[in-house]
Amino acid sequence: MNRDTPRTPPKTFHVKSFGCQMNVYDGERMTEMLGARGMTAAQDGISADMVVLNTCHIREKAVDKVYSDIGRMRREDGTRPLIAVAGCVAQAEGAEISRRASSVDIVVGPQAYHRLPDLIDKAIRGEQALDTDMPAASKFGALPGRGKQTRPTAFLTVQEGCDKFCTYCVVPYTRGAEISRPWSAVIDEAKALIDGGVREITLLGQNVNAWTGEDDKGAMQGFDGLIRALDALPGLDRIRYTTSHPNDMTDGLIAAHADVESLMPFLHLPVQSGSDRVLKAMNRSHSAQSYLRLLDRIRAVRPDIALSGDFIVGFPGESDAEFEETLSLVRQVGYAQAYSFKYSPRPGTPAADMDGQIAEAVMVDRLARLQDAINADQLAFNAAGIGKRTTILLERKGRHPGQLVGKSPWLQSVHVVAGESQIGDMIEVDIVSAGPNSLAGEIVRRKAA
C-alpha cells in the first residue's frame, strides 16, 4: 500500500461501482457502512476525501478502466483522496494493485468489505491495508441494518459465489464457492427494505437460483420457497431475480412463475452460445436444445414472460458455422433483451490458454451481427406493447421536466408525465409509443364514481 502518511481521517466519501448488480448492491452496503461511521457521501470523487472503486474483473477493459480512474485521482493542487480498490479486481490482483498503482491506500476483496472501517484506520496510520480473505462466515452480519431508501426498488443479495467453473470465468476465484445466505437474514433484510419504502426487490446472486436453506421451521427450502415467503410479506408488490443458471431452474421455481403474483414475468437466463461444441468447451453443462426445451417449459406456465440472456462471441475455437448456430438460437428465442460480449481472456482461467484464440476483427464483426439480431428482437418486443394497458412502478425523475420513469412488469423503462411526488406509486398506463430501449405511456385517469 501507499504508506507515505499518516493521513487526516476522511470526512466525505464517494463509491463508484463497476459491473454487475451484485457490485451495485455491495456499493450500496459500503455506502451505508461508511455513513454509519459518520462520513458523508459526496456527489463525485473530485471533492471527496475518500474514493472507493468497487471493481469488476469479468473483462479486461473493466480492469483497465479501474487503473485509468486511479490515475485521474490526483487533483490540480497535487493532493489526492484516500483511494480504496474493492471488489473482484482487488480479490484477483491483491498486492499487485499497489505495485502497479502506488497511490492506492486500501485493497479489499468482495468477501471482506465489511472490514473496510478497520482498513481505513490502518491506512490513516500509514499501515498496510490489504484484505482479500474469503472467510466462510457471512460478512452480512457485520453490515449495518437497512434504513430509509431513496428509491422504491432495491437489490438484495441472497447467494454468492459459483461452483460451475465455466472455463472463461473468474467468478469462482474472486467470489469463492456457492454460499446461500440464511433464510432469516434474507427475510429480515427484506422486511427492513420494505419498512424503508421499497416496493420491489430484486434478489441477487452469481447463481441466484442455486439458493437453498432451512426456513424458520427447520425445513429445507429451495429458491422457490424463499420467493413464496417473500411474496407473503405485506408491502412487497414485486419480486425479481438475477442471475440464474439453467441447471438450477427447478420444477418448483418454474411453478412459482405461474402462481406467485408478485414474481414479475421476466427471466434472465444466460446461455452464452448456440453451439453444443462451444458450450462443452465452456463447461456450461447444458446443450442448446436442453436450454430451448427449458424455455418452452417456462413459457408453458407463463406465456407472457420476457426473456433475457448472455452471449459470448469469439470463444477460442469458435468457427463461423458455430457462430451461426448462436444466431439461429437467438432467432428461435426472440429475446426481449440480452447482453453480448466479445470473449475476453482472463488470467488464470482455462480458456485463456486454449488454442484457437479468435482475431479481434472477427470478434468485432460477430458481435455487431449478434447485437443487430438482438436489437431487432428487443425493438419488436417493445413495439408489441403499443396500445396495451399495464401497471408500472414509478422509480425516478426522467431527463425532461415533469417526466418520471417507471418499470413495466417486463423490466421495460416507461416514460410518463407525472409529478415528482408520485415516485414510488404503482400506476396504470396505456403504452403509446416504443423505442429500442424504452416505452412512452399515458397515465390512465379514472373517472370519479
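## Strand E10, inside and out

Glu-200, Thr-202 and Leu-204 point one way from E10, Ile-201 and Leu-203 point the other way, and all are buried (buried is under 20% relative accessible area, exposed is over 50% and partly exposed is in between, with a 1.4 Å probe and protein chains only). Five of the five residues of E10 (residues 200-204) are buried, so this strand is largely enclosed by the rest of the structure. Helices here (H or I, at least four residues) and strands (E, at least two) are DSSP runs, numbered from the N terminus.

Keep in mind that this is a predicted model: local features need pLDDT of at least 70, side-chain atom pairs count only at pLDDT 80 or more, and totals for chains, interfaces and linings use all residues. Residues are numbered from 1 along each chain as its sequence is written, and side-chain values use heavy atoms, with hydrogens and water left out.

Strands count as paired if DSSP finds at least two bridges between them. E10 pairs in the parallel sense with strand E7 (residues 153-157) over five bridges, and Thr-157 has Leu-204 as its bridge partner. E10 also pairs with strand E13 (residues 238-242), again in the parallel sense and over five bridges. Here Leu-204 stands opposite Thr-242.

Thr-242 has something else going on: a cis peptide bond joins it to Thr-243, with omega about 0 degrees. Thr-243 sits in the loop between E13 and H9.

## The six-stranded sheet

Elsewhere, six strands form an open sheet with parallel pairing, in the order E2-E1-E3-E4-E5-E6. Strand E2 (40-41) and strand E6 (130-131) stand at the edges with a single partner strand each, so one side of each is left without a neighbour in the sheet. E1 (residues 12-17) and E2 run parallel and are joined by two bridges; Thr-12 has Thr-40 in E2 as its bridge partner.

## Helices across the sheet

Helix H2 (residues 60-71) lies across E1, strand E3 (50-55) and strand E4 (82-87), running at about 170 degrees to E3. Axes are lines fitted to C-alpha atoms, for helices over the stretch in contact, and angles run from 0 to 180 degrees between N-to-C directions. Helix H5 (residues 116-124) lies across E3, E4, strand E5 (106-108) and E6, at about 155 degrees to E5.

Which residues of H5 are buried? They are Leu-116, Pro-117, Leu-119, Ile-120, Ala-123 and Ile-124. These cover an arc of only 160 degrees around the axis, which puts them on the same side of H5 (the arc is that of the directions from the helix axis to the C-beta atoms). What covers them includes helix H1 (21-36), E3, E4, E5 and E6. After H5 comes Gly-126, with a positive phi near 85 degrees.

## H8 against H9

Helix H8 (residues 223-231) and helix H9 (residues 251-259) pack at an angle of about 30 degrees, their axes 8 Å apart. That makes H8 roughly parallel to H9 (angles under 35 degrees count as roughly parallel, over 145 as roughly antiparallel, 65 to 115 as roughly perpendicular and the rest as oblique). Phe-223, Asp-224, Ile-227 and Arg-228 in H8 meet Gly-252, Leu-253, Ala-255, Ala-256 and Asp-259 in H9, where contact means heavy atoms within 4.5 Å.

## Two positive phi values

Most residues other than glycine have a negative phi. Asn-283, not a glycine, has a positive phi of about 65 degrees, and Asn-283 lies in the loop between helix H10 (276-282) and helix H11 (288-301). At 36% relative accessibility, Asn-283 counts as partly exposed.

Ser-285 has a positive phi near 60 degrees and is also placed in the loop between H10 and H11. At 52% relative accessibility, Ser-285 counts as exposed.
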